[in-house]
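Please open the model in a viewer and keep the selection panel at hand.

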Amino acid sequence: MKTSPLAAARLVMFRDLRLAFRKPSQLLQPLIFFMIVATLFPLTLSPEMSRLRDAAPGVLWVGALLSSLLALEFLFREDAQDGTLEQFALSGQSLTWMLFAKTCVHWLLTGVPLAVSAPIAAMGLGVPAEAMWSMVASLALGGFALSLIGAISAGLTLGARRGGVLLSLLTLPLAVPILVFGADATNRAIAGDAIAPPMYMLGAIAVLGVTLAPLAAAAAVRIGLE
Amino acid sequence: MATWTWFHRFASPPWVYGFAARWAPWFGAAAVLAMLFALYGGLILAPPDYQQKDAFRIVYIHAPVATLSLAVYSTMALAAAVGLIWRMKVAHAVAASCAPIGAWFTVATLATGMLWGKPMWGAYWVWDPRLTSELVLLFLYFGYMGLRAGIEDPQKADKASAVLAIVGAVNVPIIKYSVNWWNSLHQPATTKLLGEADMDWSMVWPLLLMLAAFFLYFGWVMLIRLRAELLRRERNASWVREVVT
Amino acid sequence: MSEFFAMSGYGKYIWPAFGIGFGIVVLIYVMAVSSLSAAKQEAKRRLEMNP
């Protein structure tokens, strides 16, 4: 009896969610990290709201990237260590779909909460209330693309020494377009302009990511498991 | 079939080693000669530009190293793909040899570009699409070399870095076409491959010759590095014994 | 001759640019040759250890 890839993916998704909710404190860590990072900038830059507002898009997006990178380490590690990932690869089901499911979970547990709680940090950085929804939308979409790209580097660094640093080193260049367009969207939101152009680009990157990233991640994981 | 055996040689490390040893000096001699002629043509023969005066001459070093930084990455990604798909050790060795060369070319591109930007735009650096994506290319090279160094098993290192090289290849068209896609401070291409040049021929031929010279130079140094790479990888093979003693 | 070095005032950008560019060209070559000779020496050493 062969399960469809979608069904296998759904099983993996629910498994990951269930496992994650067994340790709720771990779920909060990326969020707390993000808040701390967002707080560091006003402390170190300048308390003037107008200057903070200028820096806000950069601070929020770099903070989001760093939190995402932190959480990426755990995307595959535990499953790789206890042999679950190997079982996935050997199962005859589509590894691509299963890794896509894991990536979606990563986004649901890191990217989405981050986007939703960003207004709190943003208020402290002088972002006006009218800009909040657009900012949340761009962070959510960008976060999805980040999770996809991060899955590739997480797969590649599975067997590497000092994998954590290497993972960040590999993800950052590929994440640059997401940061550029995401920060642009937030900037435009603050200025009151239309955010459609950068959002379309973020969407395009996300679509490209969805089609190609799980494939690359699966290839990377298989190489790492050999 | 004669053609198939001809192609098969490229999969054999000792044959490729011999090929590289034989042809590298010719590439080198041609490269040096071409560079000298191109330098003479670009620095002395070519007249100053109407707008940029003599500053435009930086194109003769900046454009070749920039083109090579992209060409080397493309070669690396292609070799990596060939190695991954057809499981050719030599292809992986080629990819590994290319990486440090390409990284240095990228550094040269950024440095010469900064020295051209200051007199032309008034700034050493702007965060425009082309410069930013060229910087990203440098990070990609570092990531590639870092990943290779970070994985113990040589075959896993080959394959993982191959995946990375292929994924990062998306950056190459971004760099190339960024000046067409976005309003960029960086000027678009001066000469098109098949079209008519806007510049005077006396300014164009040194550029073309310098480009050719740098491609020959890349062949030269890559073939040298390739031999080193093959020796290291094949250390237990018998052909190494004959080469070294 | 001094006109040639001044390059209509842009000399201080042009010459360092060519210097860095060709300096890196030389550097890449030197690194390649030294990596090849190191590989040869390493191979020789290993053959001597395990004849």
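The stops below cover the chain contacts, then a helix pair, then a single helix.

This is a predicted model, in which local features need pLDDT of at least 70, side-chain atom pairs count only at pLDDT 80 or more, and totals for chains, interfaces and linings use all residues. Residues are numbered from 1 along each chain as its sequence is written, while chains are lettered from A and ligands numbered from 1 in the order in which they are written.

**The chains together**

Colour the model by chain. Chains A and C do not touch, and their nearest C-alpha atoms are 24 Å apart.

Select the contact between chains B and C next. Chain B provides 33 residues and chain C provides 26. On the chain C side there are 20 nonpolar, three polar and three charged residues. In these classes, Ala, Val, Leu, Ile, Met, Phe, Trp, Tyr, Cys and Pro count as nonpolar, Asp, Glu, Lys and Arg as charged, and the others, Gly among them, as polar.

Move to the contact between chains A and B, to which chain A gives 19 residues and chain B 16. On chain B, the elements giving two or more residues to this side are helix 5 (129–150) and helix 6 (154–168); helices are DSSP runs (H or I, at least four residues), numbered from the N terminus. Helix 5 of chain B supplies the largest share, nine residues. By class, this side of chain B has 10 nonpolar, four polar and two charged residues.

**A helix pair in chain A**

Select helix 2 (residues 24–44) and helix 3 (residues 49–81) of chain A. Their axes (lines fitted to C-alpha atoms over the stretch in contact, with angles running from 0 to 180 degrees between N-to-C directions) come within 9 Å and cross at roughly 150°. Helix 2 of chain A is therefore roughly antiparallel to helix 3 of chain A, a term for angles over 145 degrees.

Now show side chains. Residues of helix 2 of chain A, including Phe33(A), Phe34(A) and Phe41(A), meet residues of helix 3 of chain A, among them Leu52(A), Val59(A) and Leu70(A). This contact has 15 nonpolar, two polar and no charged residues.

**Helix 3 of chain B**

Finally, select residues 59–86 of chain B, which form helix 3. Of its 28 residues, 20 are buried, meaning that 20 or more other C-beta atoms, placed from the backbone, lie within 10 Å of the residue's own. Just after helix 3 of chain B, Arg87(B) takes a positive phi of about 50°.

Notes. Two residues are in contact if their C-beta atoms, placed from the backbone, lie within 7 Å. Angles under 35 degrees count as roughly parallel, over 145 as roughly antiparallel, 65 to 115 as roughly perpendicular and the rest as oblique. The expected span of a helix is 1.5 Å times one less than its number of residues. A residue is buried if 20 or more other C-beta atoms lie within 10 Å of its own, exposed if 12 or fewer, and partly exposed in between; C-beta atoms are placed from the backbone.
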